[in-house]
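Come along while I look things up one by one.

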Amino acid sequence: MSGTGKYFDGKRPVSIPVTWEIQGEYLIIHVVSTGSRLPTWELKKCKQDVDQNTAFVLKNLETEESLEVEGDATAFPKELIKESKISFRMDYFLGITAALILTMFLFFKSIPFISKYVAQLVPYDQEQKLSEHLKLSDLGDIKACSPEKESQAAFDKLMKRLYPLHKDDVPGFIKVEIVKYPVSNALTFPGGRIVIFDDVIINAKSPEELAGVIAHEIGHAKKRHVMQKIVSTLSMAAIFQFIGGDFSSALAIDPSTVLSIGTLAFDRGMETEADQFAYDRLVESKVNPHDVAGFFERLSMNSDKYAILSSHPGDETRIKLFRKKNDVKASPILNAKEWQALKDYCVVKPKPVKPLFKLKAKPKNDPIRSEPQDDLRSRFQFPQRF
């Protein structure tokens, strides 16, 4: 078995035309121009140089010399060629696969941290633009309530107790809407937009219980939990745009998509953050959190009745938090009359019908008055004839 090729000494980037011959387990190489014989190679100490894709190159592992074979290389032992190629390619493939799996694992594990960081970068005004075109009617037969003045005044008084309280509470960022729908639920959308279903108010036994629910939703808005969910659904390119200050990718999201994201359940970590925020906010507002614990206890006992549990799971940890001992010097949020007016927030009261004309009632015990007789002499004057 013999052939021709090019010899490289491993020191200079030049080749020498040679002839080669395999004798048993050895490779014999002769220089074409001089006919001189090069030192013999031991095949078991040689390996195919797989980095060379255009030709078969055999490398001497002891001397760093190499032989580029011209033409067919099948004269070399198949074991040498097969083992060299497969061994390298398998290691390379396994290494790339392991790196990809590790990268994907770390990426998905880090999504909550990345989305939490990026969500804080979004300005409040940019987040509010996401909710400007949201239509609640896309969620079903949901109608915004038109309250009476007394009901609106009572609700404004309750909200003023909760927000704003601190310098970092952006005025006007939190906007709460009450809608009429026969389900006990509450939703938070981008831009501090909170939707309370009137069934929550109907089932609340005190304004303090309602304040706890609203404080919980304010926690979701303040912690930018909805933005975190939106960021986690974006591509990596869009996330890098966010980091660079370009929020066009978020503003281009279809409003129906934002609605569907807003109705998704928050994860356990987000719920815990919102609960802790609600507890702290109630304490600072001089509202006893123990009153809110009773509301969540009723939700837990009637989980099939209250849909709010689908997105705000009630568990023992939550109840223990609101039952925690505190030194709150609580004061009532609303009086009984105001609370009743708030519970009637979505009640449509019939407007009184104005009569076309009014009949003046005759006074009682009015003495009978005699009307003067119709005397022609009182109408006309006749000349005297005598």
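**Entry 1: the overall picture.** I began with the secondary structure and counted 14 helices and eleven strands in the chain. Helices (H or I, at least four residues) and strands (E, at least two) are DSSP runs numbered from the N terminus. I am reading a predicted model, where local features need pLDDT of at least 70, side-chain atom pairs count only at pLDDT 80 or more, and totals for chains, interfaces and linings use all residues. Residues are numbered from 1 along each chain as its sequence is written, and side-chain values use heavy atoms, with hydrogens and water left out.

I then looked up burial: 39% of the 386 residues in the chain are buried. Buried means under 20% relative accessible area, exposed over 50%, and partly exposed in between (1.4 Å probe, protein chains only). For contacts (heavy atoms within 4.5 Å), I kept to pairs at least 6 apart in sequence, and 65% of these join residues at least 24 apart.

**Entry 2: the cores.** Which residues touch the most other members of the largest nonpolar core? I found Ile174, Leu210, Ile214, Ile218, Phe322 and Leu342, in a core of 43 residues. Helix 5 (residues 207–222) gives this core its largest share, seven residues. A second, separate core has 21 residues, including Phe197, Ile230, Leu234 and Ile261. By nonpolar core I mean a set of buried Ala, Val, Leu, Ile, Met, Phe, Trp, Tyr and Cys residues joined through side-chain atoms within 4.5 Å.

**Entry 3: Phe322 and His290.** Leaving aside neighbours within four places in sequence, I see Phe322 in contact with residues including Asp275, Tyr279, Pro289, His290 and Phe296. I followed His290 next and found His290 in helix 11 (residues 290–301).

**Entry 4: helix 5 against helix 10.** Helix 5 packs with helix 10 (residues 268–284) at an angle of about 125 degrees, and their axes are 8 Å apart. Axes are lines fitted to C-alpha atoms, for helices over the stretch in contact, and angles run from 0 to 180 degrees between N-to-C directions. The pair is therefore oblique; angles under 35 degrees count as roughly parallel, over 145 as roughly antiparallel, 65 to 115 as roughly perpendicular and the rest as oblique. Among the residues that meet, I noted Ala211, Gly212 and Ile218 in helix 5, and Met270, Ala274 and Phe277 in helix 10.

**Entry 5: helix 3 against helix 13.** Here helix 3 (residues 149–162) and helix 13 (residues 336–343) pack at about 110 degrees, with axes 8 Å apart. These two are therefore roughly perpendicular. Helix 3 brings Glu150, Ser151, Ala154, Phe155, Lys157 and Leu158, while helix 13 brings Glu338, Ala341 and Leu342.

**Entry 6: two loop residues.** I found Lys11 in the loop between strand 1 (2–8) and strand 2 (16–23). Lys11 counts as exposed because its relative accessibility is 76%. Lys11 and Glu65 are 54 residues apart in sequence and 8.3 Å apart in space, C-alpha to C-alpha. Gly71 lies in the loop between strand 7 (66–69) and helix 1 (78–121), and at 71% relative accessibility Gly71 counts as exposed.
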